[in-house]
Amino acid sequence: MARDRTFETLAVTEGEHPFETGSEAGDVTSPIHLASTYAFPGLDTEMSLEDVDPDAGEFVYSRLSNPTRHALESRLAALEGGEHAMAFSSGTAAIFTTALSCVEPGDHVVAFDDLYAGTRRMLEDVFEARLGVEVSFVDATETAAVEDAMRSETELVWMETPTNPTLALCDVAAIAEVADEYDATFGVDNTFASPYFQRPLELGADVVAHSTTKYLNGHSDSVGGAVVTNDDDLAEELRFQQQVGVGDMLAPFDSYLLLRGLKTLPMRMREHERNATAVAEFLEGREEVSRVYYPGLESHPQHDLAREQMDGFGGILSFELEGDIDDAKRFLEALSEFTLAVSVGGVESLIELPAGMTHEPLAPEQRAALGISDTLIRVSVGVEGLEDLLADLESGFDAVARQAANAAADD
Ligand code: PLP
């Protein structure tokens, strides 16, 4: 019996088989196929637009399918443990197309209240305000809250775990049972964990979405998204929406970058986690920090759930700095190894102030309800040398202490 190949092997080779990537030369990595259209074998061909088979090397037009994107989609499906994958021009487009594939006017959606702010805005400002879909946002850290919000017209349950920026978890297997009971599609945004640390399809989710901009590409040089599912009907609808309804797909060059980035996903994720664990422990030991949010810490309220449903805790953490927003700004401005920037998941360490950057579009009351204070700082820990990262954070604390000492001397 053939042995299942390991995650590491799939990450390096799946989808890129010499002589099967649309090249006669036997390239070991997929060429970047820039063609927008492909020559028909002849007018009397059996090939129709509906039943072209990319697996058999059949391509018609690049919005529908493209050899480089097809190679990438094969790899994404294998890594998430799914049958079907589709790559989009952004994570936002992937999530939008998925939601559009599941609901119509009059339907109801149950969503985590702690979603990525852009996804929440999409559900509120596009699906609710323009498409006549009602959305209930619930605290999904409690499965009972999801259950209570379900209705007979609920068609989609949309979750994210861990969340951004407070790293809250929801119980994927338990919510899958609730969604099943109501015959609703259950989707999980797996961007923060990556399939190396968490595979929601194995836990009962129907569909998984990614902002590939983050860990999957891993080098902060491509914006993209992906959706993976085992559900044939949903895949057909998704493909229809991708190719005909929305018409959104990842470009060949970005598909190539992602194929390349994915090769090192396992080793990058291991390093991200190693550094993040050390940074979280360092911060937890500082008196200037009142709280650290990282699922790998025993102090995380859902540490046990994280151990159960994840294979690792990832590279993102947040912490609450003692003081006010000026102290937080002073801290951030003193850093040189951590770049002040939104986004996460690249090999370089990034840091940001959610209240003034990623979550600034939320109303202050919404931020407060989600635990996003003015001094909450989010860190995407990169793979640089740990000593450099810790020394940099130390200099941030020093800058805040210097200012406090100066202010005290002035009084
Ligand atoms: N999902 C999560 C968890 C994110 O953090 C982001 C972006 O930050 C998105 C989705 C949106 O992805 P993109 O920026 O690729 O559209």
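Tutor: In this predicted model, I32 has a relative accessible area of 33% and is therefore classed as partly exposed. I32 is located in the loop between α1 (7–13) and α2 (67–80).

Turning to charged side chains, the count comes to 16 salt bridges, where a side-chain nitrogen of Lys or Arg lies within 4 Å of a carboxyl oxygen of Asp or Glu. One of them joins E8 and R270, with an N to O distance of 3.1 Å. This pair links distant parts of the chain, as E8 belongs to helix α1 and R270 to helix α10, 262 residues apart. E8 is partly exposed at 31% relative accessibility, and R270 is partly exposed at 39%. Helix α10 (residues 265–284) also lies across β8 and β9 (316–321), running at about 10 degrees to β9.

A further salt bridge connects R199 with D311, the closest N and O atoms being 2.7 Å apart. R199 lies in the loop between α7 (194–197) and β6 (207–211), and D311 in the loop between α11 (303–309) and β9, so the pair ties together parts 112 residues apart in sequence. R199 is buried, with a relative accessible area of 17%, whereas D311 is exposed, at 52%.

Within helix α4 (residues 117–128), E124 and R120 are 4 residues apart, about one turn of the helix. Their salt bridge has its closest N and O atoms 3.3 Å apart. E124 is partly exposed at 21%, while R120 is buried at 11%. Finally, E16, R75 and K263 are linked in a salt-bridge network.

Terms used: Residues are numbered from 1 along each chain as its sequence is written. This is a predicted model: local features need pLDDT of at least 70, side-chain atom pairs count only at pLDDT 80 or more; totals for chains, interfaces and linings use all residues. Side-chain values use heavy atoms; hydrogens and water are left out. Helices (H or I, at least four residues) and strands (E, at least two) are DSSP runs, numbered from the N terminus. Buried means under 20% relative accessible area, exposed over 50%, partly exposed in between (1.4 Å probe, protein chains only). Contact means heavy atoms within 4.5 Å. Axes are lines fitted to C-alpha atoms, for helices over the stretch in contact, and angles run from 0 to 180 degrees between N-to-C directions.
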